[in-house]
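Here are my comments on the structure, as numbered points. Please read them with the model open.

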Amino acid sequence: MRVSSPTLFAATPGRDIANDAPERFDVARWYYEARRRVAVDAGVLRQLITAVDWTNDLWPSQWAQWYSVVLGFRPDLILELGRGKGNSTALFCHAAATLGQTQIVSLCHSGDWTMQTASRVAKVVRQQWFDRLDARMTDILTADYADILGDHQRVLLLWDAHGFDVAEVVLGEILPRLLGREHFVIMHDIIDNRHGGVSRSYHGQPLWKGSEWQQRTGCVDARVNIGWMQSIQDQIVAIADFSARNNLEIGSADHEYHRLFDEDPGLAAEMRESLGEEFFSTLAQWAFFSLTGKAGPFEFPAVGGRRAFSHESRVAVDGLSQLPATVVTNARAWAFGSAWTWRPVIDVPRGADAWLRLRVQVDGGSVGIGLLAANGTDFLVRRALSPRDAAVEVMLPVADSSSLGSLVVQTWAAPVSARVRIDDLALVW
Amino acid sequence: MTSVSKPFGSTPGRDVALDQPRVFDVGRHYYEQRHRIHEDAAVLRALIGAVGWPNDLTPAQWAQWYSVALGFAPDLVIELGRGYGNSTALFAQAAWRLGRMKIVSLCVSGEWASMVAPRIARLVEPAWFASIDARRTDILSADYGEIIANHQRVLVLWDAHGFEIAELVLGEILPRLSDRPHLVLMHDISDNRYAGVPRSYGGHQLWKGSRWQQQTGAWNSRVNIGWMNSIQDQVIALADFSARNDLEIESADRQYTEFFAAHPAYANEMRQQLGEEFFSAIGHWASLSLTGKAGPFHFPAITGWRAASSRCAIVADELPRGAAAIVTAAVPWAYASTSAWRPQGSPPLNVQSWIRCRLRVQGGPIGVSLLTPDGRAFVQSQVASSTSPVDVLLAVPELAQRGRLVIHTWDSPVAAQVHIDLSLVW
């Protein structure tokens with residue numbers, strides 16, 4: 001949108017950007033400065049790309065770009081939200097192996113890394129290469145970020161899982177926890193429409209109507225533009241809102257690369273010479289931001305299910321007389337370990353924003369915990385949980401308290417049995 | 001961080017240097033219409049009282065839109081979303097003043113006919129209603145080619161929300177208006193630069209779309225897209241349209257604030273003449289027009305029944321043919337006919353099809369509904385009430401498993417005569 005002065009929220013007090021420190025992170029400079037390292041590592045990067053075998057998700061030049069970000073930013077923790085086949089997981093692991101001090105916590109409900117990619121990667125790297133990686137088959141919405149972030153002081157966050165709920169967790173849960181530490185957030189799947197001759201036309205496509213609509217209808221070619229950001233992800237709506245409220249510029253890797261390499265063709269020539277077209281491109285299709293060095297205060301959204309609830313009801317579960325209770329799931333992907341009908345012992349007011357709260361500990365393989373729809377096969381909501389040493393809290397939204405779906409504990413994507421101890425179960429609103 | 005260049009800056013597009021100056025200055029028109037607003041203040045006040053729903057539109061917003069209608073002087077107002085009828089009444093009053101303005105008001109709600117119009121009728125002459133064609137119908141079903149017809153100056157009030165309606169406005173209505181002067185007013189969009197809206201999320205969750213908001217009741221979550229602060233999906237579609245077409249979405253808050261800041265004496269005059277009741281520099285609405293802008297423009301494609309390219313007749317066993325009418329009873333929800341039906345053509349398998357009902361309804365509102373195959377529930381139900389021919393579209397979930405088609409009374413105990421012509425489109 002064309003927005004001229006005054007600035008957004010000009011009539012409302014907010015943070016004083018005049019107090020912002022000069023920009024500390026320069027992704028284009030990092031790319032340039034890492035060129036020799038990328039060139040040295042090109043062989044192994046190529047082997048890793050082949051092992052992952054999913055270049056649709058991340059091209060070799062994007063591998064090199066993110067590799068350079070890790071080498072430039074030098075995080076002590078990389079938090080990966082969304083792993084898929086594991087392109088970013090592999091490149092982060094290799095960068096971590098190069099840096100020597102970096103831990104990686106990778107959260108995704110997909111089992112592809114565990115069941116397919118890791119074994120192929122293992123053929124091209126040493127076993128210690130995996131030591132810094134904690135790849136969890138789990139739900140991003142249920143993770144304990146205080147525990148994950150721990151005492152880490154320099155955090156690189158890859159935001160590569162989409163939807164408004166994940167956006168809310170990133171902006172409302174993770175970012176506030178990163179405020180006291182150096183951090184840098186990479187966001188995949190955001191194209192800069194200012195560069196590369198991106199078409200203005202709708203191309204006969206309908207209006208983009210949100211990610212859920214896109215998944216439901218299969219209209220994958222419809223895209224949305226908010227300012228320079230073009231995407232198919234709801235996330236850019238949340239980012240635009242966060243950016244406006246906090247007077248915070250969202251960075252564009254495309255823009256930064258064009259700025260540096262268009263302004264100094266000599267640098268671009270060096271890059272091409274060192275890396276070739278395979279690993280050098282000014283086309284990036286990712287965005288970034290950081291609150292590091294920015295003067296506060298910042299505005300963050302509340303996170304659904306993580307707020308304080310004023311009401312709580314015990315839950316009666318058919319066939320379950322007391323807690324804690326243990327469910328053992330089969331070593332068969334997606335097999336149900338239990339499916340219980342349940343009800344709160346107190347009536348919940350109609351229209352209340354109610355959540356089923358469980359405290360569970362998982363040993364063995366990853367599991368899914370969810371509420372079934374009335375048809376007994378589809379899930380109204382489901383969360384994946386990976387095995388942890390400690391119990392974790394799982395919040396399942398209850399859309400209609402007059403029609404409660406069965407509570408299911410099941411094996412997740414990998415055929416590994418799990419032992420699930422349910423310590424507590426309550427309905428809160 | 002780099003300096004900002006325009007969205008799509010490296011892609012050829014329309015040449016904004018060829019744009020004419022803004023076609024309509026809402027700030028100036030507010031000021032210039034102050035005498036008329038003042039003269040009509042009593043009747044506006046009476047109409048506001050009769051509508052009885054100032055939550056939807058404050059008296060100052062009445063005056064603002066009244067000044068737009070008087071200043072722009074359209075020959076057609078298309079009102080998308082009527083609700084209780086604040087805007088309907090003010091546009092009708094403007095039409096009464098101007099004398100040559102038609103209002104086609106489209107909304108599924110029935111409050112206007114059942115509650116508001118009778119109350120207004122006590123205040124105005126019967127001829128006051130002559131400009132209004134208030135249809136109770138689905139906005140997505142209307143025939144805009146027929147509505148716009150040969151009108152030469154069109155004001156659109158976009159006050160019904162959601163992505164589907166946004167697609168209709170941007171992909172169906174705007175292309176039809178691009179060759180004639182037009183102005184689109186959009187309600188429920190505040191300008192966060194001027195309207196004093198809080199930056200804070202206020203302890204609320206992230207806004208996750210209008211459908212989420214309706215499902216969860218999280219009405220306090222708002223979204224900011226550039227300067228647009230709203231709870232409506234529409235602002236995302238607008239931002240996208242604006243970026244693709246290098247077109248500024250105009251903010252009433254900005255235009256009023258800047259106009260009266262530049263002319264403080266005018267603001268004093270307005271305050272003196274209209275008082276705080278009818279004068280405010282904050283409108284919480286936006287506007288859009290392609291008039292005077294150099295093309296070419298990019299419009300989204302239209303989905304749903306409008307994208308259908310094939311059509312065949314439908315045979316229904318209980319529906320009268322020719323000029324005969326179905327008569328609904330003066331009993332809410334009473335069935336007048338329940339017809340088995342079949343298409344006379346053969347749409348391909350797995351292709352979405354719609355029953356298109358061309359209706360003329362004289363009397364109370366009626367429903368056209370499609371039953372499930374077992375007849376126990378409605379798959380879809382649409383209301384129709386209009387003195388003009390209207391279309392009702394019902395999506396057919398599965399042609400081979402089609403349920404019966406029902407014509408019935410809607411929520412008011414008023415009988416109706418219904419002429420219906422059916423076809424299947426896909």
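1. The crossing of α4(B) and α5(B) is right-handed. This is read from a predicted model, as is everything below. Helix α4 of chain B covers residues 59-72, and helix α5 of chain B covers residues 86-98. They pack at an angle of about 40°, and their axes are 9 Å apart. Oblique is therefore the word for how α4(B) and α5(B) lie to each other.

2. Which residues make this helix contact? From α4(B) come B:W62, B:W65, B:Y66, B:A69 and B:L70. From α5(B) come B:N86, B:S87, B:L90, B:F91, B:Q93, B:A94, B:R97 and B:L98. Sorted by class, the contact of α4(B) with α5(B) has nine nonpolar residues, three polar and one charged.

3. Next, the interface between the chains. Chain B puts 52 residues into the contact, and chain A puts in 57. On the side of chain B that touches chain A, the elements giving two or more residues are α8 (163-177), β7 (223-225) and α10 (234-245) of chain B. Which of them gives the most? It is α10(B), with seven residues. By class, this side of chain B has 23 nonpolar, 21 polar and eight charged residues.

4. A:G197 deserves a look. It sits in the loop between β6 (191-192) and α8 (211-217) of chain A. Is A:G197 buried or exposed? It has 10 other C-beta atoms within 10 Å. A residue counts as exposed at 12 or fewer, so A:G197 is exposed.

5. A:G197 also reaches across to the other chain. Leaving aside residues up to four places away in sequence, A:G197 touches B:S10 and B:T11. Within chain A, A:G197 and A:S366 are 169 residues apart in sequence. In space they are 44 Å apart, C-alpha to C-alpha.

6. Now chain A as a whole. Its secondary structure comes to 11 helices and 20 strands. The radius of gyration of chain A is 23 Å, close to the 22 Å that the globule rule gives for 429 residues, so chain A is as compact as a globular protein of that length. Along the principal axes, its C-alpha atoms fill a box of roughly 75 × 60 × 50 Å.

7. Of its 429 residues, 50% count as buried. Take the contacts in chain A between residues at least 6 apart in sequence: 82% of them join residues at least 24 apart.

Definitions and conventions:
Residues are numbered from 1 along each chain as its sequence is written. Chains are lettered from A and ligands numbered from 1 in the order in which they are written. This is a predicted model: local features need pLDDT of at least 70, side-chain atom pairs count only at pLDDT 80 or more; totals for chains, interfaces and linings use all residues. Helices (H or I, at least four residues) and strands (E, at least two) are DSSP runs, numbered from the N terminus. The radius of gyration is taken over C-alpha atoms; the globule rule is 2.2 Å times the number of residues to the power 0.38. A residue is buried if 20 or more other C-beta atoms lie within 10 Å of its own, exposed if 12 or fewer, and partly exposed in between; C-beta atoms are placed from the backbone. Two residues are in contact if their C-beta atoms, placed from the backbone, lie within 7 Å. Axes are lines fitted to C-alpha atoms, for helices over the stretch in contact, and angles run from 0 to 180 degrees between N-to-C directions. Angles under 35 degrees count as roughly parallel, over 145 as roughly antiparallel, 65 to 115 as roughly perpendicular and the rest as oblique. A crossing is left-handed if the near helix is turned anticlockwise from the far one by less than a right angle, and right-handed if clockwise. Ala, Val, Leu, Ile, Met, Phe, Trp, Tyr, Cys and Pro count as nonpolar, Asp, Glu, Lys and Arg as charged, and the others, Gly among them, as polar.
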